[in-house]
Amino acid sequence: MEAFETSKSPLARDSIEQAGEVMETLAWEMLRLRLSMLVVNELVKRRAFQVPIHLALGHEAVAVAVSMAMGAHDRLLLTHRNIHYNIARNADLAAEIAEYRLERDAPGGGRFGAMNLIAPENGIVYTSSILGNCLPVAVGVAKGRAVKQADAVTFAVTGDGALEEGAFYEALMMATSLRLPLIFLVENNDWSMYTRVAERRCALDLQRLAEAFAIPFRRLSGDDAEACLKGMTALRADVAEAQRPAIVEVTLATLGDREVTEEGKPPRTINYHHGGAAHISYEAGPIIEESERDPLYRLSGRLPAETWRRLVAEARAPLDGFLA
Ligand SMILES: Cc1ncc(C[n+]2csc(CCOP(=O)(O)OP(=O)(O)O)c2C)c(N)n1
Ligand SMILES: [Mg+2]
């Protein structure tokens, strides 16, 4: 018996699965995740938690794509910004909130808080707030799966800032040398806390890095849920088949930033890094921006208006109570 077998699908809506309507399933999962994070945002604004929470509004497409692409024996390792994967893999928002509240009867006993939250029963075996730290650990996890001959792919998520850690390159070298089915997933939001890539380091062409290691590279646009699902599913199949790693770079925007104008200075953007996003609300959701930066906005245009309205209402119904 596998220690952490994810026998049940994380998808909460059996009827849609049975009907095989992938677009509706995708929209439902995207809405559930977006609205759940908007609930958490309201609670953060009310100072409900003692631990810092890094919201991932705008990161929904990649998290849902990974969750839907994962096989029953796959593993997922995360970083400080992990809420989107944890909620995508767990339909029980009350349990997530209980962990954030450090409650003893929460699934992890309230020991993990937000930045180190794991959910082994959902395949999330390790999460670290230390940048780059999950990458070498993922190599060990993938090697362990290979030794056990599990039909498994390991996913390790990191940010554009964590690429500045040596651990990224060491893990890449080791995983390639050992021919491990490990997907290095880089969420590139252009920011590391309050600096943009161009302000802090040289440009890094991950495609050329992958070429140097002779492993596949794929770039996905985090605002396109459908493309993320197709791309991630294909990449997982390829990595499982070829038994070697791959790099996927997902370009996306972390919503929650804001423009400020001070007298005598040009307007500037203040990046959202963690905590409550003051100008974003559950009530006004699920769409945050009517722009291509918002994957929910893009997705809403791909479904009939009536279907979208129905799914929004259905996704809201079980969540309203959290803010009563
Ligand atoms: C080794 C290490 N150095 C510094 C930090 C402080 N730190 C926390 S988050 C962060 C920015 C990370 O940027 P990125 O990896 O791009 O993730 P994002 O927050 O943009 O999702 C930094 C520098 C840390 N947690 N660990
Ligand atoms: Mg970043």
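How many of the 10 residues of helix H3 (residues 60-69) are buried? Let us keep that in mind while we look around. This is a predicted model, in which local features need pLDDT of at least 70 and side-chain atom pairs count only at pLDDT 80 or more, while totals for chains, interfaces and linings use all residues. Residues are numbered from 1 along each chain as its sequence is written, and chains are lettered from A and ligands numbered from 1 in the order in which they are written.

**View 1. Helix H3 is largely enclosed by the rest of the structure.** Among the buried residues of H3 are Glu-60, Val-62, Ser-67 and Ala-69. Helices (H or I, at least four residues) and strands (E, at least two) are DSSP runs numbered from the N terminus.

**View 2. The protein chain as a whole has 12 helices and 10 strands.** Its radius of gyration, taken over C-alpha atoms, is 19 Å, close to the 20 Å that the globule rule (2.2 Å times the number of residues to the power 0.38) gives for 324 residues, so the chain is as compact as a globular protein of that length. Along the principal axes, the C-alpha atoms fill a box of roughly 55 × 50 × 45 Å. Of the 324 residues, 44% count as buried.

**View 3. Six strands form an open sheet with parallel pairing, in the order E2-E1-E3-E4-E8-E7.** Strands E2 (124-127) and E7 (217-221) stand at the edges with a single partner strand each, so one side of each has no neighbour in the sheet. On average, neighbouring strands are turned by 20 degrees against each other, direction ignored. Two strands pair if DSSP finds at least two bridges between them.

**View 4. Strand E1 (residues 75-78) is joined to E3 (residues 154-159) by three bridges, and the two run parallel.** Here Leu-76 has Phe-155 of E3 as its bridge partner. E1 also pairs with E2 in the parallel sense, over three bridges, and Leu-77 stands opposite Tyr-126 in E2. Both faces of E1 are covered, with Arg-75 and Leu-77 buried on one side and Leu-76 and Leu-78 buried on the other.

**View 5. Cys-134 is found in helix H6.** This cysteine is buried, with 26 other C-beta atoms within 10 Å. Beyond its neighbours within four places in sequence, Cys-134 is in contact (C-beta atoms, placed from the backbone, within 7 Å) with residues including Leu-77, Tyr-126 and Thr-158. The C-alpha atoms of Cys-134 and Leu-76 are separated by 9.7 Å, although the two residues are 58 apart along the chain.

**View 6. Ligand 1 has 15 residues around it.** Nearest come Leu-131, Gly-159, Gly-161, Ala-162 and Ser-192; a residue is near if its C-beta atom, placed from the backbone, lies within 6 Å. By class, the shell has five nonpolar, seven polar and three charged residues. Ala, Val, Leu, Ile, Met, Phe, Trp, Tyr, Cys and Pro count as nonpolar, Asp, Glu, Lys and Arg as charged, and the others, Gly among them, as polar.

Definitions and conventions: Axes are lines fitted to C-alpha atoms, for helices over the stretch in contact, and angles run from 0 to 180 degrees between N-to-C directions. A residue is buried if 20 or more other C-beta atoms lie within 10 Å of its own, exposed if 12 or fewer, and partly exposed in between; C-beta atoms are placed from the backbone. Two residues are in contact if their C-beta atoms, placed from the backbone, lie within 7 Å.
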